[in-house]
Amino acid sequence: MNHLSQFQIFLLLTVLKIAIVLVITLTTVAYTVLLERKVLGRLQNRWGPSRTGPFGLLQPLADGIKLFLKEDMMPLAVDRPLFILAPIIALSCALISVSMVPFGAQTLFHGVDLFQVADLNVGLLIILGITSIGVYGIALSGWSSNNKYSLFGSLRSTAQMISYELALGLSLVGVVLRAGSLSLRDIVNSQAHHGMLSWNVFGGCQFVGFFIYLMAAYAETNRSPFDLPEAESELVAGYHTEYSSMKFAMFFMAEYANMITVACVATLLFFGGAGTPFGHLFEGIFTHGFIHAVLPILWFISKVFAFLLLYIWVRGTLPRFRYDQLMGFGWKFLLPIAMVNILATALALAFHG
Amino acid sequence: MQLALFIIFGLVAIAGALNLLFQRHPINSALSLIVVMMSLAVLYWSLGAEFLAAAQVIVYSGAIMVLFVFVIMLLNAGEEERTRGSRIAYIAGIPGAAAIFCLLSFVFLSERKQLGTTQLGGYLSSAVSNITGISHILFTSLLLPFEVTSILILVAILGAVVLARKEL
C-alpha cells in the first residue's frame, strides 16, 4: 500500500467501509424481521416461521425474493414522482445515519478509523437532522398515494414525529453536557473509565434521560405501542397502503433500519458504546491479537441486540395508545421531565463537575 | 474538489429556488424550498460553519418545512391558477430586485476588508470545531439578546395557544 497516496488510501478504505456497513446493516435488517417474528411467536405460544431452512433461518431470503418478484402495482391517481421518491427518502435517511456510529474501539490504519465511517464533531446533531428529514418519506408517501387512509396515516405520523423529536432531542442534552462534546466518539470515550459504573445510565445518573429517549425513540420509529400511523384496525396499513413489491419493502426496511439506528444511538449515548462493562477488571487477559480487536465489537453488538429484543418484547406486551393519549404523553409528560433532567444535570455538573 | 462541491450545491440552490417559483403545485414548491435549504446547509459546512449547517437542517428542513408540508396536506391545497400578475409587479419588481442585488454586492465588495475572508471549502478536509466558540459567545457577551429572544418565542407560543383555543 506504500505506492498509494494518503488520499487514495482514505478513499479506498472509506468506500470499503461504506460497502461493508451497508451489507451488514441490510443483513441485520432482514434477520431482525425474522427475530421479531420468532420472538413474537414464542410470546404468543406458537412457533413463528420454521419451515424455510433450519429453524426458519432462510425465511428473510425467501421474503426478499418474493418482494423482488412481485408485480409493482402503481394506482392510476397517484402523484407519480413523489410516489416513487417517498420510499427512497425513507430508506436512504434510515441508512445514512448508521454512518456516524462507531462500532468498535478507535483503530487507526494509515490515519483512517476502521470501525467508523465518519467521525464528525457534530455527529449527534447530524443523526437528529437526518431523522427529521426521514419524516418526509412518510409524509409524502401518504399524500401522493391519493387515498384517505394513507393521508390519515401520514398526518398522524408527521404530527407524532414532530412532537416526539423535541423530547428526543432534549433527553440527549444531559449526555452532551456530561461529555462536553457532540461527537459520538468523544461521548463514548467519556464513559470508558470505570466500565459499567461510568456509563451514563448508571454512573452518570442519566436514567431519566434514558427512559425519555427510549419512549421518544419508539414513537419516532413508529413502533408499538406508538404505531398509530399504521394501525391495522383503523387505517388498513396507514401510509403504505397503496405500496406494493419493492417500494413496500423499502418502507419495511427503513422501519427496521431506523430501529437499529436508534438501538445503536442508545448504546452509544447511555451504555458506553463498544466499551466493556467490567472496566479494568480483566484488563490483562487479552492485551493484543484478534480477540482484543474483536471484543469491543462483540460488546457493541450484544448491547444493540438487547435493545432490539426489548423492542420486540414491548411490541408483544403493550397495547396501542389512543391518539390524544399519545400527544398528551409526549407534550405534558416527557417534555417537562426532559427539561427537569437538563436542569438537574446542569446544576450537578456546576457544583461537582 | 471542495470548490467543485461549493459550485455544485450553489447551482442546486439556485435551481431549487427557480423551481420553487415555476412549480404550480404548492407541495412541489415546498419541496423545492427544502432542496434550497439543504444545499445552503452544505454551503455553510463548506465555509466552516458546521453547527450552523446542522441547525439549518434540523430547524428549517426538519421542523419548519415539515409544518409547511403538513398544512398543505391538511388543507389539500390545489394547483394555483396562472394569472398575468399585476402591472406594478413588472414595473417595480424587476428593477427593485436588480437594485437590491447591486446594493448588496456593492456593500460586500467595498467592505471586504472589514468582513474578513474565509477559505472556500478548506474546512472540509481539516476539521475545526466552532461549537465551543459559538456557545461561549452566546452565553457570555450575547446572553441578554439570547434570553430576550427565547422569551419572545415563548410569548409567541402562548399567543398561538390562546388564539387557537377560544374557550380557554
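**View 1. Helices H5 and H11 of chain A packed side by side.** In this predicted model, helix H5 (residues 148-179) of chain A packs on helix H11 (residues 323-352) of chain A at an angle of about 15 degrees, with the two axes 9 Å apart. Helices here are DSSP runs of H or I with at least four residues, strands are E runs of at least two, and both are numbered from the N terminus. Axes are lines fitted to C-alpha atoms, for helices over the stretch in contact, and angles run from 0 to 180 degrees between N-to-C directions. That angle makes H5(A) roughly parallel to H11(A); under 35 degrees counts as roughly parallel, over 145 as roughly antiparallel, 65 to 115 as roughly perpendicular, and the rest as oblique. H5(A) passes H11(A) in a left-handed crossing, meaning that the near helix is turned anticlockwise from the far one by less than a right angle (clockwise would be right-handed). Sorted by class, this contact has 17 nonpolar, 7 polar and 2 charged residues. For the classes, Ala, Val, Leu, Ile, Met, Phe, Trp, Tyr, Cys and Pro count as nonpolar, Asp, Glu, Lys and Arg as charged, and the others, Gly among them, as polar.

**View 2. Helices H3 and H9 of chain A.** The axes of helix H3 (residues 80-96) of chain A and helix H9 (residues 245-270) of chain A come within 8 Å and cross at roughly 25 degrees. So H3(A) is roughly parallel to H9(A), and H3(A) passes H9(A) in a left-handed crossing. On the H3(A) side, the contact uses Pro87(A), Ala90(A), Leu91(A), Ala94(A) and Leu95(A), while H9(A) brings several residues, including Met250(A), Phe251(A) and Ala254(A). Residues are in contact if their C-beta atoms, placed from the backbone, lie within 7 Å.

**View 3. H5 of chain A against H3 of chain B.** Now for a pair that spans two chains: H5(A) and H3(B) pack at about 155 degrees, with axes 11 Å apart. This angle makes H5(A) roughly antiparallel to H3(B). H5(A) passes H3(B) in a left-handed crossing. Leu151(A), Leu155(A), Thr158(A) and Ile162(A) of H5(A) meet Ala63(B), Val66(B), Phe70(B), Met73(B) and Leu74(B) of H3(B). By class that is 8 nonpolar, 1 polar and no charged.

**View 4. The contact between chain A and chain B.** Chain B puts in 17 residues and chain A 16. On the side of chain B that touches chain A, helix H3 (residues 50-75) of chain B gives the largest share, 13 residues. That side of chain B has 13 nonpolar, 3 polar and 1 charged residues.

**View 5. Chain A as a whole.** Chain A has 11 helices and 2 strands, and along the sequence they follow the pattern α-α-α-β-β-α-α-α-α-α-α-α-α. Its C-alpha atoms fill a box of roughly 60 × 55 × 45 Å along the principal axes.

**Notes on the model.** Residues are numbered from 1 along each chain as its sequence is written, and chains are lettered from A and ligands numbered from 1 in the order in which they are written. Because the model is predicted, local features need pLDDT of at least 70 and side-chain atom pairs count only at pLDDT 80 or more, whereas totals for chains, interfaces and linings use all residues.

Key. Two residues are in contact if their C-beta atoms, placed from the backbone, lie within 7 Å.
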